[in-house]
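The following exercises ask you to read a protein chain step by step, with the sequence and the 3D view side by side. Try each task before you turn to its solution.

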Amino acid sequence: MLDGVAHGAGVEPALIYAINARSELLYGSPACGSPSPAEPGECTSIGVLGSRAAGGRILLAQNWDWHPAHRDVNLLLRTEDERGHRVAALTEAGMLAKAGLNGAGVGVCVNLLGSDRDGRPGGVPYHVILRSVLEADSLSWATRNAMRAPRSASINLLIGQAGPGGGELIDLELAPGEAGWLHPVDGVLVHANHFEAPLPVYDTIKDWGGSSLFRSARARRLLAAYPDALGPRELRSVLEDHLGHPLSICRHADARDAEADRSETIWTVLMDLDARTISLIAGPPCSGEEGTTIAI
């Protein structure tokens, strides 16, 4: 697939390989004295089981926080292979995947993590691991594909699959050489940018602090406050929350940051795994943008 992207774009394959490894390249190699990555601060992800969702559907949603100028080089990549396997993923130009879903009803949201193990050589780039999740035809194979791959950067994957009984959700916290997992509580699973499973790694959020330490807990509490079934409107309302503004769930660029380090919610993604639909809202979501819903 990487070679095919390069061929279609008319560029050297090594450039496409590098783009898909951009997160690992940001970490550099500690052995070579490369600097640490900037403060983590991208994404709040939400999963809702059918037992808690309107219509008994399984829902995924997330805010993707990144540099404001980056929005113009993002796209919805839709593919269908020779097996008839369909994938739709919001991603960056040249990359294979980020948040998305497939025709088998498997979907994934993603959050950056940081640990003292990051920067090891030889791992599969996590954007390629994301694509392997979307190539899976079941939740079982999605977890196998993600956990078996060697890694050189930490990443969190909130994965769901539609199916009988309201579907299923699992959250995988992946670090180089280590993995943890979390299950829904009261039909809801939420994650931000720090480890929550008891893994034997040093979470570099301890060096930074920041909104991740309260975003996931706050999102759970806001979701629990809704007495009725949760739907896209309720999920978007939580993703528009401004407690801690500008570094809130609905993130806005902070003028106190250097220009190159600024981040805001550039996209809000809402997915209905039963309906096989993905909705994209140009963020921050509080702007009132209606968004576009696409069936894969």
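**Exercise 1: a residue in a strand**

V269 is buried, with a relative accessible area of 1%. Working from this predicted model, describe where V269 sits in the chain and which residues it is in contact with, leaving aside its neighbours within four places in sequence.

*Solution.* Begin with the local element: V269 belongs to strand β11, which covers residues 264–272. Then compare the accessible area with the cut-off: buried means under 20% relative accessible area, and V269 has 1%, so it counts as buried. Next, look for the contacts, where, apart from neighbours within four places in sequence, V269 touches L60, A61, Q62, L90, I278, S279 and L280. Finally, take G122 as a point of reference: V269 and G122 are 147 residues apart in sequence, and their C-alpha atoms are 31 Å apart in space.

**Exercise 2: two helices in contact**

Determine how α4 and α5 are oriented relative to each other, and sort the residues of their contact into nonpolar, polar and charged.

*Solution.* First find the two helices, α4 at residues 126–134 and α5 at residues 139–148, whose axes come within 8 Å and cross at roughly 160°. Since angles over 145 degrees count as roughly antiparallel, α4 and α5 are therefore roughly antiparallel to each other. The crossing of α4 and α5 is right-handed. The contact is formed by I129, S132 and V133 on the side of α4, and by A142, N145 and A146 on the side of α5. Sorting these residues gives four nonpolar, two polar and no charged.

**Exercise 3: buried or exposed?**

Decide whether S23 is buried or exposed, and do likewise for R221.

*Solution.* Start with S23, which lies in helix α3, residues 22–27. The relative accessible area of S23 is 4%, so this residue is buried. Now turn to R221, which is part of helix α6, residues 212–224. The relative accessible area of R221 is 53%, and, because exposed means over 50%, R221 is exposed.

**Exercise 4: backbone exceptions**

Most residues other than glycine have a negative phi, and most peptide bonds are trans. Find residues with a positive phi that are not glycine, and find peptide bonds that are cis.

*Solution.* Take phi to begin with. D186 has a positive phi of about 55° although it is not a glycine; D186 is located in the loop between β9 (178–182) and β10 (188–191), and it is exposed, with a relative accessible area of 70%. R276 likewise is not a glycine and has a positive phi, of about 60°; R276 lies in the loop between β11 and β12, and at 25% relative accessibility it counts as partly exposed.

Then examine the peptide bonds. The bond from H245 to P246 is cis, with omega near 5°, and P246 is found in the loop between α7 (232–239) and β11. The bond from G283 to P284 is also cis, with omega near 0°, and P284 is found in the loop between β12 (277–282) and β13 (292–295).

Technical notes: Residues numbered from 1 in each chain as written. Predicted model: local features only at pLDDT ≥ 70, side-chain atom pairs only at ≥ 80, totals over all residues. Heavy atoms only, no water. Helix = DSSP H or I, 4+ residues; strand = E, 2+ residues; numbered from the N terminus. Buried < 20%, exposed > 50% of the residue type's maximum accessible area, 1.4 Å probe, protein only. Axes fitted to C-alpha atoms, helices over the stretch in contact; angles between N-to-C directions. Parallel < 35°, antiparallel > 145°, perpendicular 65-115°, else oblique. Left-handed = near helix turned anticlockwise from the far one by under 90°. Contact = heavy atoms within 4.5 Å. Nonpolar A, V, L, I, M, F, W, Y, C, P; charged D, E, K, R; others polar.
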